[in-house]
Protein chains: 4
Amino acid sequence: MLSQFQAVGQALFTQGLVSSQGGNLSVKLGEHLLITHRGSALGSIQEGDLVETGITKNSRATPLASTELEVHRCIYQNTSALAVVHAHPPYAVALSFTEKEIIPCDVEGRALLAKVPVLSTNMAEKLGELAEDIARLLKEHRVVLVRGHGSFAASQLLEEAYYYTTVLEQSCRLLYLLKALGVAPR
Amino acid sequence: MLSQFQAVGQALFTQGLVSSQGGNLSVKLGEHLLITHRGSALGSIQEGDLVETGITKNSRATPLASTELEVHRCIYQNTSALAVVHAHPPYAVALSFTEKEIIPCDVEGRALLAKVPVLSTNMAEKLGELAEDIARLLKEHRVVLVRGHGSFAASQLLEEAYYYTTVLEQSCRLLYLLKALGVAPR
Amino acid sequence: MLSQFQAVGQALFTQGLVSSQGGNLSVKLGEHLLITHRGSALGSIQEGDLVETGITKNSRATPLASTELEVHRCIYQNTSALAVVHAHPPYAVALSFTEKEIIPCDVEGRALLAKVPVLSTNMAEKLGELAEDIARLLKEHRVVLVRGHGSFAASQLLEEAYYYTTVLEQSCRLLYLLKALGVAPR
Amino acid sequence: MLSQFQAVGQALFTQGLVSSQGGNLSVKLGEHLLITHRGSALGSIQEGDLVETGITKNSRATPLASTELEVHRCIYQNTSALAVVHAHPPYAVALSFTEKEIIPCDVEGRALLAKVPVLSTNMAEKLGELAEDIARLLKEHRVVLVRGHGSFAASQLLEEAYYYTTVLEQSCRLLYLLKALGVAPR
């Protein structure tokens, strides 16, 4: 399990999809979840960087968990997801300010993601307050984008949620490059 | 042979020319071909990620092959290629929406590729339906670009087809950068 | 201590935040500081690349220190910082020509940096002449940007000052991408 | 010597300053020079990838040398350089179509390079025909840019010529980013 966190974390960091201490990952284990530590560096996850706590109940370790624990919990409570990847893909975040939903125009993005909703938010709001909206949208979408913040991808496997994240960024980079030329993709 | 797939796959992934599970590679071996597995991660190809099947006949392993097997087969049936690289180079894909053919304006791209045709396609079409067009164009060109999808490069060696792919992206990035400034390169 | 310099230096170089011999790092050790050698390659710091000298007094090794020693000294004399990272993050440097202060519009940047002042300078000025301005601004800000030059981040740990630098660049890249589309982020 | 070629070649490739088989490197050794092999992959130089030949006289190995041998020879015949790096830095090549000379607006670029002349060329011309112009300009400049082709940096050490190349690209990326916003840097 640790090695899956390490592989996905390192890939996200190396590809520039999280800053050195940004982003977080979790998997569901029955009534529990395993989530990255508050402020842990995804590029070099160590054993001590994983925190186990309940999906609904707190454990002694709960305060050590990522500040976005509540979003992860809410997703597991409301969807069939077994793994969640939260990242800050740069082109996706840029388009989160200009689009209400992302509709990929490349074959891979369209086949895999079809449509990615963008949750707008005012900056004063805490992310925890968006947890229910994120979870609700992840019932019908593989990835949700939160304006000015980043992506939440949910799936059965950590690696799959990572894959959705990279395809989102690939599609958004393409949409951005076309938008910068003033070209509508269809 | 495995090590050639690994070297080329890792280079494509590291340079951002495929997403974590995008793209596919094959080589021709007499009446057979060796192709990457459906959904395999090019960045870390293992022995089990290579599937052997016939150029014209199916084998038991055929259903495991990349979903783009038909394109690879069609290329081997209609050209003298011994290796095919399919990738999603970002600037090349962006220009696939704006150009009917790519004419490199850098010395390396012009010497190596001269001209790269762009196959337009509507999204409803399956890629398999384009297989014959791709193969036909690869008789006269080293690389073909499919709109909104990616590049197909054919050559005698996997490494050479990879090289054509990187030069295509280098030329397209240059053309894009100039286009974004409103500059015509000649 | 060497390993911290190496980890941070390599990360800065790998992510394109310094050129092959650009940027410099230091930590405060009581009345002394440990700083990278003049012209050392941050991507591959060796033991001999670290120079120890006084915060106020020169040592025999002083002439070997980074040309920006005076800025580092001035920061340690005027703030409670224990570590300083100077880098050349490309999007941040680009915005240093267009903005008087950087106000991140992403959640991570806003939470961590709030506001990053930009020191304008004419090219004739030596960086040493700006040392006091930089130090003064670092009393109230985690990072300062110097026009046409780069960022100075100060913190208690080298890794933390590095983290601020990466978040600055992440925020500036986002601001740049929106600016290039003609979009105001709020 | 081999290890210097390897370190510089790998750095150029990893940073995207050459395509997989583009660019070439040489050093002067008395009346001889050691140059990379025709079509060698700078990212993974092996011992067999280095070719020794005369500065003025051919050896049996001459036909194996990089196709740009004549430019390297001409530089060694006309300047005091002991090492030459030829690369294809993307932003520098883009600006080679829009500028007659590159004047860096960042402190590092200005201090190190001051001004980089751009040799314009029509595509029909062979690069060999420009060899004398390149060599002449390298008497007074550390780097010369050839339109649509790339950079030639000359110095006493391979690593230094590589450093000039990375600083050129850093300066050109900055100039490009500002130009794309319609901002003049001064």
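Of the 24 residues in helix 6 of chain D, 18 are buried, so this helix is largely enclosed by the rest of the structure. Buried denotes under 20% relative accessible area, exposed over 50%, and partly exposed in between (1.4 Å probe, protein chains only). Helices (H or I, at least four residues) and strands (E, at least two) are DSSP runs numbered from the N terminus. The model is predicted: local features need pLDDT of at least 70, side-chain atom pairs count only at pLDDT 80 or more, and totals for chains, interfaces and linings use all residues. Residues are numbered from 1 along each chain as its sequence is written, chains are lettered from A and ligands numbered from 1 in the order in which they are written, and side-chain values use heavy atoms, with hydrogens and water left out.

Helix 6 of chain D comprises residues 158-181; at 1.5 Å a residue it should span 34 Å, which agrees with the 35 Å between its end C-alpha atoms. The expected span is 1.5 Å times one less than the number of residues. After this helix comes G182(D), with a positive phi near 75°.

Chain A contains six helices and eight strands, arranged along the sequence as α-β-β-β-α-β-α-β-α-β-α-β-β-α. Its radius of gyration is 16 Å, close to the 16 Å given by the globule rule for 186 residues, so chain A is as compact as a globular protein of that length. The radius is taken over C-alpha atoms, and the rule is 2.2 Å times the number of residues to the power 0.38.
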